[in-house]
Each structure stands twice: as structure tokens, then as C-alpha cells.
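Work through the exercises below with the model open. Each has a task sentence and a stepwise solution.

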Amino acid sequence: MSNPEFEDIIIRDSMIRLGQLLKLANLVEDGVEAADLIKNGLVKVNGEIDERRGRQLHDGDTVTVNGQTVRISAPPAA
């Protein structure tokens, strides 16, 4: 069994919201597209469908959309 390859997305704070991450990672064009994908159950967080645009993501979390997976890379806690 092989693990899907993913791209690390570096964030400047310890947390980012799901809708913001989709835009930052260029997985969507804008917030409307992000909201539609999330609302329609097409976004997975850590392998499970999540329909909360405001879901808080932290270091190590993964997000998958349309077969593309990204992983959050946050700075160490102060």
C-alpha cells in the first residue's frame, strides 16, 4: 500500500481555517469555489470528509481535494 504524495503548505501562524487553506494552496480560485466544494462534501481533512469551512487546521493536518493532497506545516509553538 503506497501513501499518496502531498505538498507541504507553510503557514505563518499555528492554525489556518479550511477555506483559507484551499485558497493559499491554490486548490481553488476563490472563496466561493472553496465554499461549494466543502458544502458538497468534496474536501477531506485527515482522510475524512469535512463540511466546515471554518474548520481549524494545524501542523501535520492533511487536506485532499480532487485527488490532490496538501499537508500543513506550521511554525513551532512559542
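Predicted model: local features only at pLDDT ≥ 70, side-chain atom pairs only at ≥ 80, totals over all residues.

## Exercise 1: Val28 and its surroundings

Task: Find which residues are in contact with Val28, leaving aside its neighbours within four places in sequence.

Solution: 
- Apply the contact criterion, heavy atoms within 4.5 Å. Val28 then touches Leu22, Lys23, Glu33, Ala34 and Leu37, once neighbours within four places in sequence are left aside.
- Val28 sits in the loop between α1 (18-24) and α2 (31-39).
- Classify its exposure. The relative accessibility of Val28 is 7%, so Val28 is buried. The classes are buried under 20% relative accessible area, exposed over 50%, and partly exposed in between (1.4 Å probe, protein chains only).

Residues are numbered from 1 along each chain as its sequence is written, and side-chain values use heavy atoms, with hydrogens and water left out.

## Exercise 2: Thr69

Task: Is Thr69 buried or exposed, and what does its side chain make a polar contact with?

Solution: 
- Locate Thr69. It belongs to strand β7 (residues 68-73).
- Read the accessibility. Thr69 has 10%, so it counts as buried.
- Look for the polar partner. The side chain of Thr69 pairs with the side chain of Thr64 at 2.8 Å. A polar contact is a pair of N or O atoms within 3.5 Å; within protein, one must be able to donate a hydrogen and the other to accept it, and residues adjacent in sequence count only if both atoms are side-chain atoms.
- List the contacts beyond four places in sequence. Among them are Glu5, Phe6 and Glu7, as well as Thr62 and Val63.

## Exercise 3: The whole chain

Task: How many helices and strands does the chain have, and in what order do they run?

Solution: 
- Count the elements. There are two helices and seven strands. Helices (H or I, at least four residues) and strands (E, at least two) are DSSP runs, numbered from the N terminus.
- Write the order. From the N terminus on, it is β-β-α-α-β-β-β-β-β.
- Of the 78 residues, 33% are buried.
- Among contacts with a separation of 6 or more, 48% join residues 24 or more positions apart.
- Note the extent. Along the principal axes, the C-alpha atoms fill a box of roughly 35 × 35 × 20 Å.
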